[in-house]
Amino acid sequence: MISQLFIVSARGDHLIYKDLRGEESKDVVDIFYQKVRSLPRDQAPVVMHHQGLQFIHIRQDTLYLVATTRCNVSPFTVVQFLVRLVSLIKDHCGTLNEKTLQLNFALVYELLDEMLDYGYIQTTSSDILKNFIQTVPETSKQFNLFELSNIGLFGADTQQSKVAPSIAASRPVFAMRTEEGLKTEIFVDVIERLTVVIGANGSLMRADVQGEVRMKCFLPSSTEIRMGLNEEFSIGKADIRGYAAAVKVDECSFHQSVNLDEFESDRILRVVPPQGELTVMQYSLSDDLPVSLPFRLFPTVDKDTDSNRLMVYLKLRCDLSPKSQALNVTVHLPVPKGTTSLSQELSSPDQRAELDSVTRSVHWTIPRFHGGSQLSALFKLEVPGLSASSLLELGPVCMQFELPMSTCSGLQVRFLRVSSTHPPLPHRWVRYVTHSDSYVIRL
Amino acid sequence: MPYSGSEEIVKELRRSLCNPNVQADRLRCRNVVLRVIRYMSQGLDVSGLFMEMVKAGATLDIVQKKLVYLYMCTYAALKPNLALLAINTLRKDCTDPNPMVRGLALRSMCSFRMPGISEYIQQPVLNGLRDKASYVRRAAVLGCAKMQTLQGDTEIDGAVVNELYAMLRDPDPIVMVNCLRALEEILKHEGGVVINKPIAHHLLNRMKDLDHWGQSEVLAYLVRYKTRTEDEVFTILNVLDGFLKSSQPNVVMATTKLFLLLSEDFPHVQIDILERVKGPLLAICTSECHELCFLGLCHAREILRSSPGHFSGHYKKFFCMYSEPNYIKYQKMEILRELVNDENVQQILEELQTYCTDVSVELAQMAILNIGRIARTYSERCLVILKGLLGLKQEHITSAVIQTFHDLVWLCPQCTANVCQALPGCEENIQDSEGKQALIWLLGMHGEQVPNAPYILEEFVDSVKMETSAAVKMELITAMVRLFLSRPAECQDVLGRLLYYVIEEELDMAVRDRGLLYYRLLQQGIEEVKRVVCGPKSDPSLDVISGQANEAVSAWSKGFNTLIPIYGREQWDRLTAQKGDSLEILQGSAVKANEIDTKPEQREEMSRDSGSVSLLTSAHLSPEQFEERWTLLEAAKVVTVDWHKDSCPDAIQTAFQFVHIQLVAISRAGVQPWKAYLFAKNETGSLFLIELLTVKGKRDMQITVKQANSNEQLLNNFIAIVKSVIQTLGETKG
């Protein structure tokens, strides 16, 4: 059971505070904040204690969501509850940040009131909650260039309108009560997180993909959705179906509301999604990926001991198909301690490279990287007291990137059918994206 | 606005709340109430507005009602008199036709934390239990628990308890779970809610109706259920099998715990369960949410305690990721260390090696320490890596490597020569006192294998005035004396200088005393110094103790899915011991200690006596061997002593162990005739067998002693010990 629940900002502002059992004083908020502040950023362990009171918290950008208790509770339940709270607040207010909390604190209190009674979790289902939540969310509308670009010249339908508007992600789900005319839409996102370790000799040491199919639904509830996956989708070591390139995953789990009757035969998922966000399915595969890795790195390191200079020549190849591209690529190259300056030669002006003395590494950013192309960079590092062992400190290279419209597993949504009886057919969006979770190349 | 004083704000808000124009306009009124709540959550004291807020609560606007109730719940304890005024409104709302209003009012009313409220809420709560809307019943059930807490230590209302037990059959699943929670709180002092067979089976049947919060909680209650037969155990395992693969971590964990406890008597089933939960647990450990990932890792470590190689095949899942916070990386490294085997050692070491140059000092040092732990098994490979790290000449890395070496040579003496080669040159790169201590210790202990050891230590001695840490200085004295023994010619002068400085100029008393101690010791002659200073140089047996053997699953299964795996058992015990209930434990142990130790002089006497007989501390004799000898031997002596009370087996065992007499078998307390069999061995190898016997009605205890090789004097001494122990026991317990 949870004794208190509060949300503190990274600056220590009390945003939300709810005392559920009246056992503790409000001072614990400040005690918690001091505890977090005394540790370096990002380092506060999930569970902390103060005189027998346990703080269990999760961090969401710049916010700390904290539950306190004196019982030996299941930590999983509490953390999952806080995670669920985050997604519910996002569903109701569009986004979760300091600003929206300040605007919508009454709504958050209302939510908490229905979700928790006397510290016990009552319900977190958005279908049930929406009957009880009366407060109307207030959104802070920001001027958005992206939205303008969508309109097109003279209101004509441009190519761009086929791209899912990114603003949808930060729109409250339950605004329909007030604005009847809002579009009925459904978004299906196939999101994969890629973890790769490439050894010094270029061999693939580890490749993991954690994927999930997420649905954000703005449809009236109790609309059934049929979603078809690749027909040759197989789980585990089961036999491969058909002759097409198989999509194989090692582990796969579905949300409990997913009806799997047609899954075995036709790979069709039937879902009646509640309004808001829902993770329909999660899967993972490791080691043998059906596609080649998106990036290869060919480094050359020259050491000039006399002038204390280290020359690092990086050749980076993007092995995606020529049609697709990688966005926001960042390459982190850790450099020896005591590196004083960096001079670089990059192949195009939109790239940047800088030396970050805090993380002791060179950051090379490439905003856009087309498939099949190759980029190179030459970094000259001044390292006073350069020695043979300084090279040990060079690397491993970490890469961060985003691959829109591609998945590493090859999973695709064949179709998305909505059994809607109302005449305006809802807009359906299917988006694919692969993020780098950790893409490490050893030197 | 936040800068003006709180009084100003309260005044201003009160004006607005009392303004008839505002009161007439719903939206304006709601906005003022909103502002009050906003200040409240920012920590401003707005309790002064209670009266006005109560009035604002009598409204049809449900949003405003909710806000006002939130306000009242917060401040009711501060303004009990005014809160009573609100009760009427609330009681009226409890009969509202709208179930939402009824539930809201009931829940809020029960949350007023003020004395004397219970008489007002009792009737609404009882009505609420029979309400037709499940929303109201949920609030009412928890209201019972709140009422009990408010009333404090008054008697438990049996009727309410019975009603709640009956309501476990309520069609609404949340009402059912709330009943369990409420009963648990109400019956806290009687051990919580009772899970008997019908209730357990009922809960099992309802599992599928619950959401995952309810499921994980019901699973936790089911842990309490004691199964009768093997069949029942397997039925439950079958029924709940699907939950082991749930996509919700809390359900997976709760199911695992329940399964492990249910199958306590079937180790092969437990292994099977752990195998089946591997996939879901790995999924949690690689979850996107860092916090869940961390919890999963902590629990994976618990499983590794029983089956060390459990995740060996999946070791790559525990490689650290660039973006993870350090607390996760620490856990992953510790797990990687456990997973090392012949196949993956190369890969794991390569991975750990890349962490050693991490920009975070703590992380780098932790990685080095973990390589050091692996070195206990794979010393060759690890030493290559560790020696390579010394080449970086960075302070924090060198220090951590040297500390690792320090532990390593103590546990794996075969590494000593290799380590000693690497030591020269390190002294330039060590600044922290832990690193210095380790280096100085190594040079003192194994100085004969490091050619320039005396000169490295000489540098430390020369700069001893600048040294701030007393621990380093003490280590330096010891090391100098040790090195002097193995290489006297090179060290004599330096040792002399060091001792002179320490005795004449040092201000820290502990260091000075240490110096004087060694000075006086040196005066006793070199042989004496050698005898005292040169202990063993390594202790490989320690590794067996620290490198844990496979623990039983039951050692951790009770703490699974709680906070214990996150803190670790010892730290958790320490944490909970800080709390109030620690007093009881302390008192308990004190009483126990008293039972045996009431008379120190007698205790001394006992141990002195046993000294003359010289009993072995760790003798061993299996019950079978004992029985065999017992039947072979004749009774050497039979004595009786006064004994007129119940026998407490624990106390007897502890007392006899104190004088090195071991217990073989003992009857339970209260059994008639009561018997106990004990034995002891002395240094010369003679064996004593003892039987203690009390018969109902007789107020004495018969002691029969049998001796293997007869020796009259020994026997008499021995019997004296046994008698004194029993007499002491008798007196203290009376």
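I'll start with one residue. Leu297(B) is buried, at a relative accessible area of 0%. Here buried means under 20% relative accessible area, exposed means over 50%, and partly exposed is in between, with a 1.4 Å probe and protein chains only.

A word on what you are looking at. This is a predicted model, in which local features need pLDDT of at least 70 and side-chain atom pairs count only at pLDDT 80 or more, while totals for chains, interfaces and linings use all residues. Residues are numbered from 1 along each chain as its sequence is written, chains are lettered from A and ligands numbered from 1 in the order in which they are written, and side-chain values use heavy atoms, leaving out hydrogens and water.

Back to Leu297(B). It sits in helix 17 of chain B, residues 290-306. Helices (H or I, at least four residues) and strands (E, at least two) are DSSP runs, numbered from the N terminus. What does Leu297(B) touch, not counting residues up to four places away in sequence? Its partners are Cys285(B), Phe318(B), Ile328(B), Gln331(B), Lys332(B) and Ile335(B), where contact means heavy atoms within 4.5 Å. Leu150(B) is 147 residues from Leu297(B) along the chain, and their C-alpha atoms are separated by 40 Å.

Next, a helix pair. Two packed helices are described by the angle between their axes and the distance between the axes. Helix 4 of chain B, residues 50-57, packs with helix 5 of chain B, residues 62-75, at an angle of about 145 degrees and with the axes 9 Å apart. The axes are lines fitted to C-alpha atoms, for helices over the stretch in contact, and the angles run from 0 to 180 degrees between N-to-C directions. Helix 4 of chain B contributes Phe50(B), Met53(B), Val54(B), Ala56(B) and Gly57(B), and helix 5 of chain B contributes Gln64(B), Lys65(B), Val68(B), Tyr71(B), Met72(B) and Tyr75(B). By class, this contact has 8 nonpolar, 2 polar and 1 charged residues. In that count Ala, Val, Leu, Ile, Met, Phe, Trp, Tyr, Cys and Pro are nonpolar, Asp, Glu, Lys and Arg are charged, and the others, Gly among them, are polar.

Helix 9 of chain B, residues 134-151, has 18 residues and reaches 26 Å from first C-alpha to last, close to the 26 Å expected at 1.5 Å a residue. The expected span is 1.5 Å times one less than the number of residues. Of those 18 residues, 14 are buried, so helix 9 of chain B is largely enclosed by the rest of the structure. Just after helix 9 of chain B comes Gly152(B), with a positive phi of about 70 degrees.

Which way does Asn561(B) go, positive or negative? Its phi is positive, near 60 degrees. Asn561(B) lies in the loop between helix 31 (554-557) and helix 32 (564-567) of chain B, and is buried at 8% relative accessible area. In chain A, Asn308(A) also has a positive phi, near 55 degrees. Asn308(A) is in the loop between strand 17 (295-304) and strand 18 (309-318) of chain A, and at 24% relative accessibility counts as partly exposed.

Staying with chain A: it has 8 helices and 26 strands. Of its 443 residues, 53% are buried. Among its contacts with a separation of 6 or more, 68% are between residues 24 or more positions apart. Leu425(A), in the loop between strand 25 (413-418) and strand 26 (427-441) of chain A, is exposed at 56% relative accessibility.

Last, cysteines. How many disulfides does the structure hold over all chains? The count is 0, a disulfide being a pair of cysteine sulfur atoms within 2.5 Å. For Cys252(A), the nearest cysteine sulfur belongs to Cys408(A), 17 Å away. For Cys382(B), the nearest is that of Cys415(B), at 9.1 Å. Cys382(B) is buried, with a relative accessible area of 0%.
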